[in-house]
Amino acid sequence: MGEDDVDGKHGKPKEFDPEFKGPIQNRGCTDIICCLLFTAFVLGLFVLGVFAFINGNPSRLIYPTDSYGNLCGSGNMADKPYLLFFNILECAKATGIFSFQCPTQQICVSSCPTTNMDGIRSPINETVCVYHVTSTNPSSSERAKQVQDGVCAPFYLKSTSQVRRCIPEVLQNSTSAIVDSTTGQPLKTPTGATINLAEVINGESGIARFLNARVIGTAVVSDVGDTWYLILGAVGVAMGCSLLYIILMRWIAGPMVWLSMIGLAGTLGYSAYYCFNQYSILNASNTSVSFQFTTNIKEFGQMKGTWLAGGITASVVGGILLIILIFLRDRVHIAIELIEEASQAVKTMFSTLFFPLFSFLLQLATIAWWVGVELFLLSTGTKLYEITNVPASSGSNLTAASVCNPANFSLSELSRGVICQFVNYAGSNAYIYMQIYHLFGFLWVLNFVIALSHCTLAGAFASWYWAWDKKKDIPTFPVFNALWRCFRYHIGSLAFGAFIIAVVQLIRIIIEFLEKQLRAGPHAKPNPIRDFFFNCLRCCFWCLEKFLKFINKNAYIEIAIYGKNFCVSAKNAFSLLLRNILRVAIVDNVTDFLLFLGKLLIVGCTGIASFYYFRNRSDLNYYLVPVIIIILCAYVIASVFFSVFNMAVDTLFLCFLEDLERNDGSPEKPYYMSKDLKRIVHKKNEKPKDEADNKGEMAEVA
């Protein structure tokens with residue numbers, strides 16, 4: 001019985017079984033119903049993908065769409081790649097970011113205006129009207145009528161293309177006067193009012209959210225395109241460092257762990273020094289910008305508050321690390337011994353180092369499939385046109401948001417200022433269900449791939465632990481055998497565990513979506529009660545997901561060893577951990593923390609090196625973009641390699657606990673653990689009586 005469980009209330013301890021030699025070979029299929037459901041669900045995902053590829057058109061997401069549903073720069077508008085707003089002032093009324101709609105006529109044009117012009121006096125070759133206007137040389141009165149009716153633009157402002165949309169330069173240079181570049185006369189709206197700078201800036205406020213989100217996105221894509229080879233090189237370096245670190249762990253696990261802790265402390269110390277130094281420079285020069293949230297990433301580097309927050313964060317994290325090293329050094333030593341035990345297993349089964357690459361490629365394939373299908377799925381549906389603007393003085397019987405058709409829209413309504421334009425690509429409720437089905441399928445399959453990786457590695461490491469002779473009793477292909485058992489017998493159990501995690505993750509996504517919906521529109525006002533409620537939900541489901549992942553991981557280890565179904569395996573694993581709760585809290589968590597420090601060391605060194613390289617690249621819009629991408633990729637790569645040790649430690653720890661329950665060190669029931677582990681827990685195997693008698697006789701003869 002585990003020494004932490006005195007009264008046996010957490011289940012019956014494992015009993016000695018002379019036939020038990022590690023992962024059971026004679027096993028049967030588990031959770032067959034879940035296997036069938038998962039298979040059917042995956043087939044449904046493929047059917048949905050085929051439907052999306054047939055009916056979708058990702059060009060709809062790339063190119064801007066005019067009021068008539070035409071894609072600027074594509075199809076019949078291939079020679080007109082830019083979108084022009086007739087009256088930019090109306091964009092002050094616009095709402096939304098990703099579904100931005102400015103309530104004014106929007107037409108595809110071949111180029112953006114290069115000067116400020118009055119719509120009535122503009123040259124015929126620079127006049128922009130809706131497509132059905134065919135008059136090639138109208139008189140001044142005819143042109144005035146067209147502008148009054150809203151079929152031709154009332155004025156033009158010198159513009160530049162941003163995300164394929166013509167945005168007036170006056171929005172970028174607030175000192176410009178809004179006058180006709182030819183006559184010098186003030187430009188006027190269709191109602192005859194003079195256009196002043198304040199009105200144009202108000203128009204900018206409506207379009208700014210849309211532009212900032214997409215301009216930043218375009219700049220990020222541009223930076224990635226210019227530095228992709230350097231990013232790949234840095235990711236390759238991170239991969240090499242991770243592999244080298246793991247290989248060195250085979251021989252010098254203890255020194256490598258201590259080196260990781262000292263190195264991370266040094267990295268955090270230098271980061272704190274650099275941040276505080278930048279803060280001092282900006283504070284002394286009085287050139288710092290006041291801290292505020294902005295979509296201009298470059299401005300954060302000029303805010304002394306950014307560097308102060310970074311310095312404080314690095315100092316606090318470094319201080320916590322030092323406290324852990326000082327006060328938990330004994331527990332750290334025990335955890336290092338467990339890591340050294342895992343390194344011996346990896347050393348014996350070197351193929352375990354490369355299996356996570358297989359899992360990583362499966363996860364990448366899953367993500368790539370989901371993104372591809374999602375792009376096509378988002379672009380399915382039919383064009384939806386709605387009334388987006390009904391002036392109060394128009395006297396129109398039409399109502400805002402009602403469905404319309406611009407092809408036969410009344411010219412009289414257009415002259416009253418009523419706008420009928422394209423809104424989005426709409427479909428029936430079935431499209432919403434498809435999105436939910438596709439999202440949940442992505443979560444389910446992704447968690448299944450992770451479960452498959454865990455169960456396979458657990459089977460291999462369990463084979464190593466329960467081998468009495470580590471050189472002879474280990475199977476020839478332990479990883480392949482474990483993977484075969486997972487596919488042959490336990491697809492249903494792994495799908496069951498993945499389903500539970502996917503459900504919780506979907507609920508978390510729904511919570512975030514609902515909160516964002518409640519924060520928009522008429523509910524945008526601060527509401528402490530609402531915020532408290534959603535924060536509680538967010539925290540509870542985050543904790544639930546972490547707890548379930550912990551249970552699932554140990555359940556997969558039990559499945560790999562005993563071949564039971566998911567529920568029985570989860571129950572047995574949880575009971576075993578509860579019977580040894582003190583060891584779990586002290587040893588297992590400290591071990592995970594030490595491995596996490598190793599990942600942070602690799603990520604930190606890669607991030608600092610890339611930061612110093614890219615900060616001098618003046619040709620980039622945001623030099624932090626490749627740095628952030630490299631840091632994220634380095635963390636993912638390090639996690640892939642360190643997952644081997646993490647799984648090895650968890651599997652060996654669970655086997656170690658079972659070893660303590662099954663055996664007592666007697667010749668009939670010897671411990672399978674190594675000498676170092678026996679020394680840590682103050683256990684030893686008794687020598688057989690015959691061997692002890694022989695040694696005694698030899699001592700007497702001597």
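Predicted model: local features only at pLDDT ≥ 70, side-chain atom pairs only at ≥ 80, totals over all residues.
Residues are numbered from 1 along each chain as its sequence is written, and side-chain values use heavy atoms, with hydrogens and water left out.

**Overall architecture**

- The protein chain has 18 helices and eight strands; these are DSSP runs numbered from the N terminus (helices H or I, at least four residues; strands E, at least two).
- Of its 702 residues, 44% count as buried, where buried means under 20% relative accessible area, exposed over 50%, and partly exposed in between (1.4 Å probe, protein chains only).
- Among contacts in the protein chain with a separation of 6 or more, 74% are between residues 24 or more positions apart; contact means heavy atoms within 4.5 Å.
- The protein chain exposes about 35,200 Å², of which carbon and sulfur atoms supply 64%; accessible areas come from the Shrake-Rupley method with a 1.4 Å probe, and for residues only the protein chains shown count as cover.

**Surroundings of Arg485**

- Arg485 belongs to helix H11, residues 478–489.
- Leaving aside neighbours within four places in sequence, Arg485 is in contact with Pro23, Ile24, Gln25, Arg27, Gly459, Ser463, His490 and Ala560.
- A salt bridge is a side-chain nitrogen of Lys or Arg within 4 Å of a carboxyl oxygen of Asp or Glu; for charge, Lys and Arg count as positive and Asp and Glu as negative, while His and the chain ends are not counted.

**Nonpolar surface patch**

- Leu61, Ile62, Ile367, Val371, Leu375 and Leu378 make a nonpolar surface patch of about 500 Å².
- Patches are made of residues with over 30% relative accessible area and no salt bridge, like charges being joined within 9 Å and nonpolar side chains (Val, Leu, Ile, Met, Phe, Trp, Tyr) within 5 Å.
- Helices H2 (59–62) and H8 (355–378) each supply at least two residues of the patch, and the largest share, four residues, comes from H8.
- Leu378, which lies in H8, is partly exposed, with a relative accessible area of 44%.

**Strands S1 and S2**

- Strand S1 (residues 82–85) pairs with S2 in the antiparallel sense over four bridges; pairing requires that DSSP finds at least two bridges between two strands.
- Phe85 stands opposite Gln106 in S2.
- From S2 (residues 106–109), Gln106 and Cys108 point one way and Ile107 and Val109 the other way, and all are buried.
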